[in-house]
Amino acid sequence: MQIPGHIDPVTTGTVPLRGGNRIDLVGLTRDGVRAALEEAGLDAKAAKLRAKQIWHWIYHRGVTDFDAMTDIAKAMRPWLTERFIVGRPTVVTAQVSNDGTRKWLLAAADGQEYEMVFIPDADRGTLCVSSQVGCTLNCRFCHTGTMRLVRNLAAGEIVGQVLLARDALGEWPKGTMASSADIEDEDDDAGHYTADGRMLTNIVMMGMGEPLYNFDEVKGALKIVMDGDGLALSKRRITLSTSGVVPMMARAGEEIGVNLAVSLHAVNKEVRDEIVPLNRKYGIEQLLEACAAYPGANNARRITFEYVMLKDKNDSDADARELVRLIKQYRLPAKVNLIPFNPWPGAPYECSSPERVRAFSNLIFEAGISAPIRTPRGRDIMAACGQLKSAATKPTRAELDRIAEEKQAALG
């Protein structure tokens, strides 16, 4: 058993470039893998077969070494190794909270760092995945919002977080699904295939970054995660969270089709302008209209409104009643996820008292709308909601102010 707070593995000194001139196959579509094999010299028929086999090994079996792909001829494996890799993010540090929450600080091939979090519960295990290094927004209650946006993560870097989590949790299936006639190694003794019970059952795009500002890469990554021949995670077990990038919400519903969560956090313009500055570009009315039009939203697939509880800012009885009014006015199939504010160094807010949070929740429940209170997880390792931020970035207060001004100017 891991010790809470233990760093595993030891912090790496440098981040090696993965692959060099080789192509990383993680993040490519199946057609993309086939095309890469063809470009490397395989004929179309062979490339199609090998692409199918490699896809299975990468996404269903978690294999990173071509030598372990036992239904590919031994003579072919060195050829693949010379030209391709099956990459993973570099783990800089991995921490375990007192409550079992796990946080990884990861490094990309270019050395940029980002975080992911795994939250275990009795009936599920949720992986919180990042979509960007830093964030282009400046939500004032969020630690990530104090970072500059460095760059978008590529589809392979997003999928790589899921693969790495399954590696760390040790939950890849064992054995082989191939028949003896399919296996080209006479000495293969992998045994019969068994699918282990999954610990990682849900994914939330709620890590570092705004997913809808990296739409194409997020879409590509989630399509791979949902692919029935690979990771095969149902779209009903995936939630994409947005701060309210209204023009992209319909596309997200139509082209990705996962559950939607909206970082609402306030019910009037003045307060939301302050804590979610994107509101100055896309107001509450526009946001709720986009929610009402979100494809696939219904009582079985409700939109989740995330609402961080900030003392004397957005937590009054009047705020709760206005939230109910708005949900009913726009006829939204919705639930409200109440999030006690998770503190971080230099944060300008305090968390509402437990009594105030319960009173707020009760008012919403009494109106017939679900309003559970989220139990903070991973606070002791800065892994809770709103606390993610690469430790490598420690700007001064003056720098934070400049970053906020630049982001606000970009919003117009």
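Met-309 stands opposite Pro-340 in β13. One place back, Val-308 stands opposite Ile-339 in β13. These belong to the pairing of β12 with β13, which run parallel and are joined by seven bridges. Two strands count as paired if DSSP finds at least two bridges between them. The strand names are DSSP runs numbered from the N terminus: helices are H or I with at least four residues, strands are E with at least two. In general, strands of a sheet pair through backbone hydrogen bonds, either parallel or antiparallel.

Before I go on, this is a predicted model, in which local features need pLDDT of at least 70 and side-chain atom pairs count only at pLDDT 80 or more, while totals for chains, interfaces and linings use all residues. Residues are numbered from 1 along each chain as its sequence is written, and side-chain values use heavy atoms, with hydrogens and water left out.

Now the other partner of β12. Strand β11, residues 259-263, runs parallel to β12 and is joined to it by three bridges. Here Ser-263 stands opposite Glu-306 in β12.

What is the order of the strands in the sheet? It is β3-β4-β5-β6-β9-β10-β11-β12-β13, nine strands in an open sheet with mixed pairing. At the edges stand β3 (90-96) and β13 (334-340); each has a single partner strand, so one side of each is left without a neighbour in the sheet. Neighbouring strands are turned by 20 degrees against each other on average, direction ignored. For such angles, axes are lines fitted to C-alpha atoms, for helices over the stretch in contact, and the angles run from 0 to 180 degrees between N-to-C directions.

Two helices next. Helix α4, residues 155-169, packs on the sheet and touches β3, β4, β5, β6 and β9; its direction makes about 45 degrees with that of β5. Helix α10, residues 354-366, lies across β12 and β13 and runs at about 175 degrees to β13.

Is β12 mostly covered or mostly open? It is mostly covered, with seven of its seven residues buried. Buried means under 20% relative accessible area, exposed means over 50%, and partly exposed is in between, with a 1.4 Å probe and protein chains only. Both faces are covered: Ile-303, Phe-305, Tyr-307 and Met-309 are on one side, and Thr-304, Glu-306 and Val-308 are on the other.

Let us stay with Glu-306. Why does Glu-306 count as buried? Because its relative accessible area is 4%. Leaving aside neighbours within four places in sequence, the contacts of Glu-306 include Met-206, His-265, Asn-337 and Arg-374, where contact means heavy atoms within 4.5 Å. Ser-243 is 63 residues from Glu-306 along the chain, yet their C-alpha atoms are separated by 9.5 Å.

Another glutamate, Glu-115, lies in strand β5, residues 113-120. Glu-115 is buried too, at 3% relative accessible area. An unreviewed UniProt entry places the feature "active site" at Glu-115 and Cys-385. UniProt positions are given in the numbering used here, feature names are shortened, and annotations may be inferred rather than shown by experiment.

For contrast, take Arg-331, in the loop between α9 (317-329) and β13. Arg-331 counts as exposed because its relative accessibility is 76%.

The charged end of Arg-30 sits over the ring of Trp-55, 5.2 Å from its centre. The charged end of Arg-166 sits over the ring of Trp-172, at 4.5 Å. The rule is that NZ of Lys or CZ of Arg is within 6 Å of the ring centre and within 35 degrees of the ring normal.
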